[in-house]
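Open the model in your viewer and keep the selection tool at hand. The tour goes from one selection to the next and says what is there.

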Amino acid sequence: MRDFAWGIAATGGIARTVGAVIAAEPGMRVAAVGSRDLGRARALAATLEAESAYDSYEALCADPAVDAVYVATPHAQHLEVAEAAIAAGKGVLCEKPLAATVADAERMVRLAREAGVFLMEAMWMRFNPLVRMIAEDPRFEEIRSVQACFGFAAPYDPAHRLWAPELGGGALLDLGIYPFGLAQLLLGMPAEMHVTGSLAPTGVDAEAAGLLLYPGGRRALVEASLLGNYPNHASVVGTRMRAHLDAPFWAPRRLVLSGPSMEPEEHVLDPADNGYAGELREVRSAMAEGRTESAIMPLDESLAMMGLLGDAQARITNFTFRSL
């Protein structure tokens, strides 16, 4: 059986990281790299031993050697690349968030479903074995509370993708998707949400804190910030057991489970079994089986998260921080 062949769209840090995981994964290879800068595409292709490099995403998607395209562009370009890949009949693994807007995400999903082409958001947190352990362990009995935060102090630059609205900037889309996403994985979609935060002078959200309320009094407290250095850990409390995820909680290497009737359990991640490898394997398995969506990261849940983050963004209207 031949290796599963990937095309990589873009050449930034995440493209290099995931490309290296593909190159090291048995039964996979990088066949091509695409970028609007041919020199950068050729450089990454050489590093990953890919046969081809292209100066457009359309040419990358048209390469007959490519089975699936990994979309690693900034958020605002996800739709453009995914459309080209879907039109070419290629499977798509698209970096989180699925798109820059709800409308773009809905269009991507509609096109993929109409074409019968595989599409999945690259939410590597869901494929981390330690995170999956929490989601699947019945010893929690009922999860009552989730607390998670992700924040770092980013220098304010209105042209940078983190701060520019036209590039899909803001703390919620880039960072908040992880704490909000952990709550979604473990508790589902909230019945009620209260949000506070502040806006950057460009109009994007600089920070946000959300209290998510669920039936029966269950809750999640989630935070995202581009203004401060947070501990970036998470805790999960069930009626019978609790969990602490060390930083970074979205890609933990250590998990401690504890409870009143048990000795603390420490679980350490095998370095080779990270979430990137898991999501790549899911794409290959799904396409081999003829599935067009993932049960681990369903498209309806990606759309629901885009709606939730968009709703949270819309509620941050009262405060603008003063840039230095």
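## Stop 1

Select E265, which is partly exposed with a relative accessible area of 23% (buried means under 20%, exposed over 50%, and partly exposed in between, with a 1.4 Å probe and protein chains only). Before going on, note that this is a predicted model, in which local features need pLDDT of at least 70 and side-chain atom pairs count only at pLDDT 80 or more, while totals for chains, interfaces and linings use all residues. Residues are numbered from 1 along each chain as its sequence is written, and side-chain values use heavy atoms, with hydrogens and water left out.

The side chains of E265 and R139 form a salt bridge, 2.7 Å from N to O (a side-chain nitrogen of Lys or Arg within 4 Å of a carboxyl oxygen of Asp or Glu). This pair links distant parts of the chain, 126 residues apart: E265 lies in strand β14 (residues 262–268), and R139 in the loop between α6 (129–136) and β7 (143–151). Helices (H or I, at least four residues) and strands (E, at least two) are DSSP runs, numbered from the N terminus.

Is D137 buried or exposed? D137 is buried, at 14% relative accessible area, and R139 is partly exposed, at 36%.

## Stop 2: E289 and R291

Select E289 and R291, whose side chains meet in a salt bridge of 2.8 Å, N to O. E289 is exposed, with 55% relative accessible area, whereas R291 is partly exposed, at 28%. Across the whole structure, a search finds 19 salt bridges.

## Stop 3: two helices

Select α5 (residues 102–115) and α9 (residues 299–315), which pack at an angle of about 165° with axes 9 Å apart. Axes are lines fitted to C-alpha atoms, for helices over the stretch in contact, and angles run from 0 to 180 degrees between N-to-C directions. The two helices are therefore roughly antiparallel (an angle over 145 degrees). Show the side chains at the contact (heavy atoms within 4.5 Å): α5 supplies V102, A105, E106, V109 and R113, and α9 supplies L299, D300, L303, M306 and G307.

Conventions. Angles under 35 degrees count as roughly parallel, over 145 as roughly antiparallel, 65 to 115 as roughly perpendicular and the rest as oblique.
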